[in-house]
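I am new to this structure. Please pick one part and look at it closely.

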Amino acid sequence: MKRIIKLTALVLLINLTAWAQNTSEKPNIIWIMAEDIGHDFACYGMEAVKTPNFDKLAEDGTIYYNAFGTATICSTNRSAMMIGTHQLKTNTMHHRSNRNVELQNPFKPFTYWLKKEGYTTILGHHGVQAKGRKTDCNFKYTPIGTWEENRGLFDKNDHFEEADQPFFAQVQLNVTHRGGWWTNIRNKSEHPVSVDDVVLPPYYADTPEIRLDWAKYLDQIEYADNEMGMIIQELKDKNMLDNTIIVVIGDNGRCNLRGKGYLQDPAIRIPLIVKWAKDFEHKDESDQIIASTDITATILDLAGAELPEYLTGRSFIRKDFDRKSVYSYRGLWDEVMEDMYAVSDTRYRYVKNNKPELAYDAHQAYLEFYRPAVHVMRTLNEAGKLNDYQKIFFEDHKPKEEFYDLKNDPYELNNLATNPKYKKLIKKYRKEAEKYTKEMVSADDTYEPVTAYAVEVYQYVKKEYPEAYKRMQAGEEIGFGKFNKKYKKLKAAQEKEKGTK
């Protein structure tokens, strides 16, 4: 009997040793997700900004130029990436909707499969602003726990240690998201970005207010770069850098004109930089077309996981990877229900607007607080002071179709949709878009939207703080958070008063 026990223990020890050796050979993976950014690092050619840490990652690894989000708003693109499947397929395409709806089988978050491969999954980082714990997915989940017990996505928060290896850490750099901290960070910067050095795209009016807003945005990029440097230093101090893959992406494009929420390049083309671990180097293929869901599939592939059949993403490190285009969709965002989609590749972009009666400038309440350029340019437009390219955003409708030659017109100034020269080519892209639309249908049509609280806050500011509202219209970012707190306090007092009557 004792001999049997000893043999059993020996077999168990051998198995555990083999498992430990196997898992130790797996790379650690850190997914750095900067919020609301485009190709705005110096290594991408952005003027006036200094990003030495992101630039070094690009130099040592691979920088990708044609990565596109399947969505243009944070929660929808995050939902797609968390599952590795296009948001239309999983019914997660409407911003912050269906938060109490279970994912249908067979869909699961990719962290479920990472855990099966022996990975410790970590959410956030102790050293970044707000600890980087944002998840923001449009299905029922909890941030920490197990998927089987409480729909948990991650194992723990904030810290990666030697005992956690191999680990996967998802860290949000939220400083680049619009917020009340922008001015404070600029004021504390030892070298704030010069408003004279910024270079604005041609669809912006060149005014002091818009230059200042752009410079503030780049100040946040530099702050995020410092956070990236801090994380890299921690990996070095813990002797983990060589065995860690660092993936840097944006959750969607920048929150500004034509950006987040739309289907032009500033909204759906996202940064993607990968610093490879030792023995996991990948050859340089910077120009290949990559969907945001492909990043998920690639992480699973690097971790040694079998890729689930339900993924619409594909591993871009495999030899047979050959994506031809990316299909992006925009649905509900707060009080504005849109229905538009785009097909993008390295040369062209086709956009179909199913609600052309909705203007680009939809006066969405939340964005009224966070897009100074729109306020300034509205005033200029009313005065007839915008050029033909700048005033397109303020027309009272959108074209039914858009088609752009990204090589010859990178700023998408000339819509070729009605140009007879491109009739055959547009027909080809239209069919491709229709094919994608049929493929991405969900079996679930549940729709439980969340009321856009910002609508009430916006009306509250207009009524109770007319001077602040005037400053907003003049291009000052007055701060949604501050007035949101005031309004919530007022509502709480009103509810309390009702309860005492």
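Q: How many bridges join β1 to β8? Please take me through what surrounds these strands.

A: Seven bridges join β1 to β8, and the two strands run parallel. This is a predicted model: local features need pLDDT of at least 70, side-chain atom pairs count only at pLDDT 80 or more, and totals for chains, interfaces and linings use all residues. Residues are numbered from 1 along each chain as its sequence is written, and side-chain values use heavy atoms, leaving out hydrogens and water.

Start with the sheet. Strands (E, at least two residues) and helices (H or I, at least four) are DSSP runs, numbered from the N terminus. Eight strands form an open sheet, in the order β6-β3-β7-β1-β8-β9-β2-β10, with mixed pairing. Two strands pair if DSSP finds at least two bridges between them.

Contact means heavy atoms within 4.5 Å. Axes are lines fitted to C-alpha atoms, for helices over the stretch in contact, and angles run from 0 to 180 degrees between N-to-C directions. Helix α3 (residues 74-83) lies across β1, β7 and β8, at about 170° to β1.

Next, the core. A nonpolar core is a set of buried Ala, Val, Leu, Ile, Met, Phe, Trp, Tyr and Cys residues joined through side-chain atoms within 4.5 Å. Buried means under 20% relative accessible area, exposed over 50%, partly exposed in between (1.4 Å probe, protein chains only). The largest core has 55 residues, and I30, I32, L218, M228, I246 and V248 touch the most other members. Elements giving it two or more residues include β1 (28-34), α2 (52-60), β7 (167-173) and β8 (244-250). Helix α7 gives the largest share, 11 residues.

M228 links several pieces. Leaving out residues up to four places away in sequence, M228 touches I32, N53, F54, L57, I246 and V248.

Last, the two helices. α2 and α7 pack at about 60°, with axes 7 Å apart. That makes α2 oblique to α7. Angles under 35 degrees count as roughly parallel, over 145 as roughly antiparallel, 65 to 115 as roughly perpendicular and the rest as oblique. On the α2 side, the contact uses P52, N53, F54 and L57. On the α7 side, its residues include I221, A224 and M228.
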